[in-house]
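Open the model in your viewer and keep the selection panel at hand.

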Protein chains: 2
Amino acid sequence: MTSAPIIILVRPQLGENIGKAARAMLNFGLTEMRIVNPRDGWPNPSAGPAASGADIVLERAEVFDTLAEATADISHIYATTVRKRGVTKPVLTPEEAANGMLSAQGRSAILFGAERSGLETDEVAVARTIITVPINPEFGSLNLAQAVILCAYEWSKHQSLESPPKVELDPPAPQEELDGMIGQLFGLLEERDYFFPPERTGATKLTLRNLLTKPGWNSLEIRTLRGVLSAFKERKR
Amino acid sequence: MTSAPIIILVRPQLGENIGKAARAMLNFGLTEMRIVNPRDGWPNPSAGPAASGADIVLERAEVFDTLAEATADISHIYATTVRKRGVTKPVLTPEEAANGMLSAQGRSAILFGAERSGLETDEVAVARTIITVPINPEFGSLNLAQAVILCAYEWSKHQSLESPPKVELDPPAPQEELDGMIGQLFGLLEERDYFFPPERTGATKLTLRNLLTKPGWNSLEIRTLRGVLSAFKERKR
């Protein structure tokens with residue numbers, strides 16, 4: 001049993017937006033789309049180009065006449081809405097909703113309303129839970145595909161595709177290598193009477209040590225820098 | 001000192017995409033955009049309509065000839081890239097990067113490359129950290145505005161606009177109210193000899209109790225249901 005939610009577009013208007021929603025879904029591993037009563041029928045020739053290659057989502061999309069049919073086999077229905085007064089259902093963020101889907105028994109689905117008007121009250125009524133994206137109270141202007149992508153993104157965080165692209169970085173060099181380089185530098189500076197007046201020497205060295213410690217250079221970098229420093233060694237006259 | 005990152009678009013191509021990026025930003029409270037060497041100059045008449053009202057971001061956008069000028073005052077530069085080989089910088093998710101920005105001293109900025117090609121190697125080089133959105137390995141197709149919105153969304157989670165639209169739900173009724181209703185129901189069922197055979201009565205009641213406990217009805221709902229049950233009381237003949 002997958003925890004992947006089915007994305008249900010309710011009365012979508014533009015085929016282009018259906019395509020963009022498909023693209024948003026597939027980016028984060030969601031493949032099951034249902035479409036309820038699309039305004040311009042189905043298939044819609046504008047959907048494919050907007051999907052930018054997410055054709056498989058559109059090809060497999062199922063179309064229903066009514067929301068009741070589209071949700072008949074769903075155990076956990078989430079309705080996306082903007083902030084509303086008088087809601088008497090739990091309101092979750094996309095993140096909280098995604099967490100809930102993971103542990104849920106039975107399939108989950110997320111309803112998205114028509115582009116202009118959103119979900120109607122009687123459409124929200126079939127959902128047990130509301131999803132609202134926390135948004136700038138002075139500028140809330142999410143389009144359909146953006147609402148879809150945020151929900152899909154949050155769901156995907158718990159999936160294997162999340163396995164982050166961790167880079168194996170070389171660790172900072174062992175301290176003795178850093179100390180070796182710092183010692184080399186101090187030696188060079190002493191040759192040049194850099195540390196003056198003498199009573200300031202300790203503080204100046206401390207400043208330099210802090211500065212050189214901060215980067216966390218790795219062994220290779222330290223060796224490179226020691227090569228650089230070697231170039232500064234005074235020639236014996 | 002704000003932790004809000006500055007969004008820097010490097011060599012963006014279409015004005016429409018600059019507008020969409022502005023819209024994506026403002027949804028999540030980001031207002032500072034910088035544009036480096038936009039292909040079609042600036043201002044760009046296609047940007048405004050695509051911003052869907054986020055004009056303030058476009059009006060305040062600063063344009064620079066070079067990335068060096070655009071990042072001169074930035075302490076923490078993040079470069080967004082798709083997964084790459086040979087990267088020798090830390091690679092964070094948008095979520096991890098947002099967490100880092102919160103505690104950072106000095107301003108942060110996120111670089112986004114040209115729509116088609118992304119950031120060049122020498123542009124990535126100015127950044128100390130990489131941001132890569134974990135994405136479907138078989139279908140990675142994020143557009144500019146989508147990449148921007150995911151970064152902005154993650155940053156916004158820690159801001160006050162996050163204050164989630166919690167609904168004050170009436171809590172489940174105290175147990176004695178539920179028990180009162182269950183008792184009323186059992187009484188009604190006994191009147192009707194529902195519990196038959198007698199040796200099954202305990203198990204049947206247990207099943208019903210579990211079933212009626214699950215909803216977590218509140219006091220008002222319980223009172224309503226008791227009214228319903230009252231309607232089923234047998235009339236004295």
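Copies are superposed here by least squares on the C-alpha atoms of residues with pLDDT of at least 70 in both. This is a predicted model, where local features need pLDDT of at least 70, side-chain atom pairs count only at pLDDT 80 or more, and totals for chains, interfaces and linings use all residues. Residues are numbered from 1 along each chain as its sequence is written, chains are lettered from A in the order in which they are written, and side-chain values use heavy atoms, without hydrogens and water.

**Both chains.** Select A and B. Chain A superposes on chain B by a rotation of 180 degrees with 0.2 Å of shift along the axis, at RMSD 0.2 Å. The two copies are therefore related as by a two-fold rotation axis. Both use the same surface: 98% of the contact residues of chain A recur in chain B. Contact means heavy atoms within 4.5 Å.

**The core.** Next, pick A:Met33, A:Phe112, B:Met33 and B:Phe112. These have the most contacts inside the largest nonpolar core, which has 76 residues. Such a core is a set of buried Ala, Val, Leu, Ile, Met, Phe, Trp, Tyr and Cys residues joined through side-chain atoms within 4.5 Å. Buried means under 20% relative accessible area, with a 1.4 Å probe and protein chains only. Zoom in on A:Phe112. Beyond its neighbours within four places in sequence, its contacts include A:Ile7, A:Leu9, A:Leu119, A:Val148 and A:Cys151.

**The sheet of chain B.** Switch to cartoon. Helices (H or I, at least four residues) and strands (E, at least two) are DSSP runs, numbered from the N terminus. Strands pair if DSSP finds at least two bridges between them. Chain B has an open sheet of 7 strands with parallel pairing, in the order E3-E2-E1-E6-E4-E7-E5. E3 (62-64) and E5 (91-92) of chain B stand at the edges with a single partner strand each, so one side of each lacks a neighbour in the sheet.

**Strand by strand.** Select residues 6-10 and 108-112 of chain B: E1 and E6 pair in parallel over 4 bridges. B:Ile7 has B:Ile110 as its bridge partner in E6(B). On the other pairing, 4 bridges join E1(B) to E2(B), also parallel. There B:Leu9 stands opposite B:Ile35. From E2(B), B:Met33 and B:Ile35 point one way, B:Arg34 and B:Val36 the other, and all are buried.

How values were computed:
Buried < 20%, exposed > 50% of the residue type's maximum accessible area, 1.4 Å probe, protein only.
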